[in-house]
Amino acid sequence: MLLIGSATLSCFGISDKEKEKTDSPNIIVIFADDLGYGDLGVFGHPSYKTPNLDMMAFEGQKWTNFYVAAPVCTPSRAGLLTGRLPIRSGMSSDKRRVLFPDSNGGLPQTEITIAKALKVNGYQTAAVGKWHLGHQSPYLPTDHGFDSYFGIPYSNDMDKVEKTDHFTLAENERFQAYNVPILRDDKEVERPADQRTITKRYTEEVVEKIHSLKDNGPFFIYLAHSLPHIPLFRSEEFKDVSVGGIYGDVIEEIDWSVGQILETLKQEGLAENTLVVFTSDNGPWHTFKTHGGTAGLLRGAKGGTFEGGMRVPTIFWWPGNIRPAVVTDMGTTMDLMPTFCALSGTKLPEDRIYDGYDITPLLMGTGEGIRETVFYYHGQQVYAIRNGNYKAHFITQLEYGNPTAHPVTNPPVPLESNATILDEPLLYNVNVDPGERFNIAADHPEVILEIRKILAQHKASLVPVENQLEK
Ligand code: MG
């Protein structure tokens, strides 16, 4: 494929002379919030009906070893959109987990998002939904390569103005208790956001974008649902539709949304020229019990570095192009940036380290995956590393608000309450034992030695940058 270039971003190494029309595919990323590994029918949930996501997986690829860059919202999103571990952009912290309404930082302008990269190659770009990478300029979606934006700038439980607990507020549909704004581009257009209709309105926005952008070149749409992050809300049509309670209702509305988007692509004749990816930003929020999801057979949840916190249900769909399959190779959200660049003929910037790999050969069935390692960051610390089948934990935290079963041997713990620094790492074979139940460290000292070397090499690649979450 030929490139559409711009001299304005010299790091791409593309000149105006190279501007030519391409047959680059449209790309849509659907990113759920706090959706657990076990929350979809196709990933094993026995109560929630997700026929559209099930069909998407059947027609495309279901990835069962797909990870996020962090077990919590802000750094996870930074990782997806930049293709880089959040520690490289200053978007992770040991003091503040995420950005808050009183934060002054955000994704720095020095970072190149997927949108910014694809825009150079002639893509039209739109962001819809939760942002959470800075709610003020120059950190907004429209400052980061997106032509338009419609959504809430941070989490739907923030700006809470009533003391009543989240459960009661959600059950009573008290959306006014959260004074969260909705922005259109950089302007506030609604406050408090009526969260009862938010999934429906995000969906309508994406469908409208598909209609309006389809004739003007390729498009990239980033749809980051606010839900099923608590507080849970769903539209009138989805009240009590699920046997799985209010969380099931929310999941089934998100599934409906996926169906609307795929159906629109089919009706417009765009299905075979549009790659759609569905994934989640981190594991389920167990603290909220039946208002949080499930990681299925995986151990741990949001806020933790066991598999349940960072392995997420992921589906790729591109009829006629992607080889339908269940893929057990490792992948991460950071792989999307280099993969989208490869598929669209966009040159990946060469002036920085990427933590993602081009997974096109796996998608197309033309080759093997090259990823061997996954880093499980918690804030700015590497708590665990997976290398091939083996995962070593150096520090453990099961999930937010819940200590692990392992004794604290080196107090005090400076990183996060409930974290445990281990004298001896834990080691699991996460293919044989995805639930991380059987510690085999004593049998494989050579594996732990190898993983320690990987950790040392990785640390040597880090360059200190300004911390954005602590500003
Ligand atoms: Mg989240």
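Student: Is D34 buried or exposed?

Tutor: Buried means under 20% relative accessible area, exposed means over 50%, and partly exposed lies in between, with a 1.4 Å probe and protein chains only. D34 counts as buried because its relative accessibility is 2%. D33 is also buried, at 0% relative accessibility. Please note that this is a predicted model, in which local features need pLDDT of at least 70 and side-chain atom pairs count only at pLDDT 80 or more, while totals for chains, interfaces and linings use all residues. Residues are numbered from 1 along each chain as its sequence is written, and side-chain values use heavy atoms, with hydrogens and water left out.

Student: Which protein atoms are the donors of the magnesium ion?

Tutor: Donors are N, O and S atoms within 2.8 Å of the metal (3.2 Å for Na, K and Ca); water is not among the atoms, so sites may look incomplete. Here the donors are D33 (OD), D34 (OD), C73 (SG), D281 (OD), D281 (OD) and N282 (OD1), at 2.1 to 2.7 Å from the magnesium ion. Along the chain their spacing reads D-D-x38-C-x207-D-N.

Student: Why is the arrangement around the magnesium ion irregular?

Tutor: Ideal angles at a metal are 109.5 degrees for four tetrahedral donors, and 90 or 180 degrees for six octahedral ones. In practice, four donors count as tetrahedral if all angles lie between 85 and 135 degrees; four count as square planar and six as octahedral if opposite donors are over 155 degrees apart and all others between 65 and 115; anything else is irregular. The six donor atoms of the magnesium ion subtend angles of 53 to 157°, and the arrangement is therefore irregular.

Student: How are two packed helices described?

Tutor: One gives the angle between their axes and the distance between the axes. Axes are lines fitted to C-alpha atoms, for helices over the stretch in contact, and angles run from 0 to 180 degrees between N-to-C directions. Helices (H or I, at least four residues) and strands (E, at least two) are DSSP runs, numbered from the N terminus. The axes of helix 1 (residues 51-59) and helix 6 (residues 245-267) come within 7 Å and cross at roughly 50°. That makes helix 1 oblique to helix 6, given that angles under 35 degrees count as roughly parallel, over 145 as roughly antiparallel, 65 to 115 as roughly perpendicular and the rest as oblique.

Student: Which residues of helix 1 and helix 6 meet?

Tutor: Contact means heavy atoms within 4.5 Å. P51, N52, L53, M56 and E59 of helix 1 meet D255, W256, V258, G259, L262 and K266 of helix 6.

Student: At what angle do helix 5 and helix 6 pack?

Tutor: The angle is about 10°, and the axes are 10 Å apart. Helix 5 is therefore roughly parallel to helix 6. Among the residues making this contact are V206 and I210 of helix 5 and W256 and I261 of helix 6.

Student: How many residues of helix 8 are buried?

Tutor: Eight of the nine residues in helix 8 (residues 336-344) are buried, including L336, F340 and L343. Helix 8 is followed by G345, which has a positive phi near 70°.
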